[in-house]
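These are my notebook entries on one structure. I record below what I looked up, entry by entry.

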Amino acid sequence: MRAAGHSWFSEARAGLLGHIPRNGTRQSALIERSATSKQAVQQLLDGLEAEGVLERFPDPRDGRGKLVRYTRKGLDALRDGDRIKLEIERDYIDRIGRERFAALMDALRSLDAGPADASEEASVPE
């Protein structure tokens with residue numbers, strides 16, 4: 001991402017951006033989703049807002065809450081990130097083949113989904 005011209009990009013910021021849908025979200029939901037302290041999220045948001053990547057504004061449905069959404073600069077970075085991700089995936093497919101890559105992605109989605117249900121756990125040998 002830095003090579004693509006996004007000098008503001010860092011691993012910590014990427015971790016937070018991954019929890020913000022393209023159409024934005026409530027800041028409180030972002031704090032819950034990111035499993036990071038309120039102070040850490042606030043600090044990351046401050047930096048991303050100062051860089052012009054995100055903007056925050058009052059939630060019209062709840063004057064106490066804030067909404068967070070991408071600016072044009074932020075959306076441009078997401079598009080570059082999508083392109084880079086596809087390049088990485090194509091490289092992996094070239095290296096391990098389409099079938100093994102599909103199995104890898106399926107396994108990663110399963111891990112992301114959380115613990116297996118009881119029927120799957122029962123079939124796993126100890």
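**Entry: the sheet.** I took two strands as paired if DSSP finds at least two bridges between them. Helices (H or I, at least four residues) and strands (E, at least two) are DSSP runs, numbered from the N terminus. The model is a predicted one, in which local features need pLDDT of at least 70 and side-chain atom pairs count only at pLDDT 80 or more, while totals for chains, interfaces and linings use all residues. Residues are numbered from 1 along each chain as its sequence is written, and side-chain values use heavy atoms, with hydrogens and water left out.

I looked up the strand order first. An open sheet is formed by 3 strands in the order β1-β3-β2, with antiparallel pairing. At its edges I found β1 (25-26) and β2 (54-59), each of which pairs on one side only. I then went through the strand pairs. Strand β3 (residues 62-70) is joined to β1 by 2 bridges, and the two run antiparallel. Here R26 stands opposite L67 of β3. Between β2 and β3, also antiparallel, I noted 6 bridges. In this pair F57 is the residue opposite L67 in β3. The hairpin made by β2 and β3 has 2 residues between the strands.

**Entry: T25.** I turned to T25, which lies in strand β1. Is T25 buried or exposed? T25 counts as buried because its relative accessibility is 9%; buried means under 20% relative accessible area, exposed over 50%, and partly exposed in between (1.4 Å probe, protein chains only). The side chains of T25 and R33 are joined by a polar contact of 3.1 Å. For this term I used a pair of N or O atoms within 3.5 Å; within protein, one must be able to donate a hydrogen and the other to accept it, and residues adjacent in sequence count only if both atoms are side-chain atoms. With neighbours within four places in sequence left aside, T25 is in contact with I20, L30, R33, K66, L67 and V68. Contact here means heavy atoms within 4.5 Å.

**Entry: helix α2.** After α2 comes A35, and I noted its positive phi, near 55°.

**Entry: R56.** I next looked up R56, a residue of strand β2. R56 has a relative accessible area of 18% and is therefore buried. What does the side chain of R56 contact? I found a polar contact with the side chain of D46, at 2.6 Å. A polar contact of 2.7 Å also joins the side chains of R56 and E49. Not counting residues up to four places away in sequence, R56 touches Q27, Q42, L45, D46, E49, L67 and V68.

**Entry: the aromatic pair.** How many aromatic pairs does a search of the whole structure find? I recorded 1 aromatic pair. The pair consists of W8 and F9 and is edge-to-face, at 5.7 Å centre to centre with 65° between the planes. Rings of Phe, Tyr and Trp (its six-membered ring) pair if their centres lie within 6.5 Å; planes under 30 degrees apart count as stacked, over 60 as edge-to-face and the rest as tilted. W8 counts as buried because its relative accessibility is 5%. F9 is in the segment before α1. Not counting residues up to four places away in sequence, F9 touches M1, R2 and A14. I also noted 9.8 Å between the C-alpha atoms of F9 and V53, which are 44 residues apart along the chain.

**Entry: L86.** I checked L86, which is found in helix α4. With a relative accessible area of 44%, L86 is partly exposed. Its C-alpha atom and that of F101, 15 residues apart along the chain, are separated by 13 Å.

**Entry: confidence.** The protein averages 88, and 90% of the residues score at least 70. Confidence is highest in helix α4 (residues 72-96), at 96, and lowest in helix α6 (residues 118-122), at a mean of 44. Over residues 117-126 the pLDDT is below 50, and this stretch has 2 contacts in the model beyond near neighbours in sequence. Where pLDDT is low, the predicted coordinates should not be read in detail.

Key. pLDDT = per-residue confidence, 0-100.
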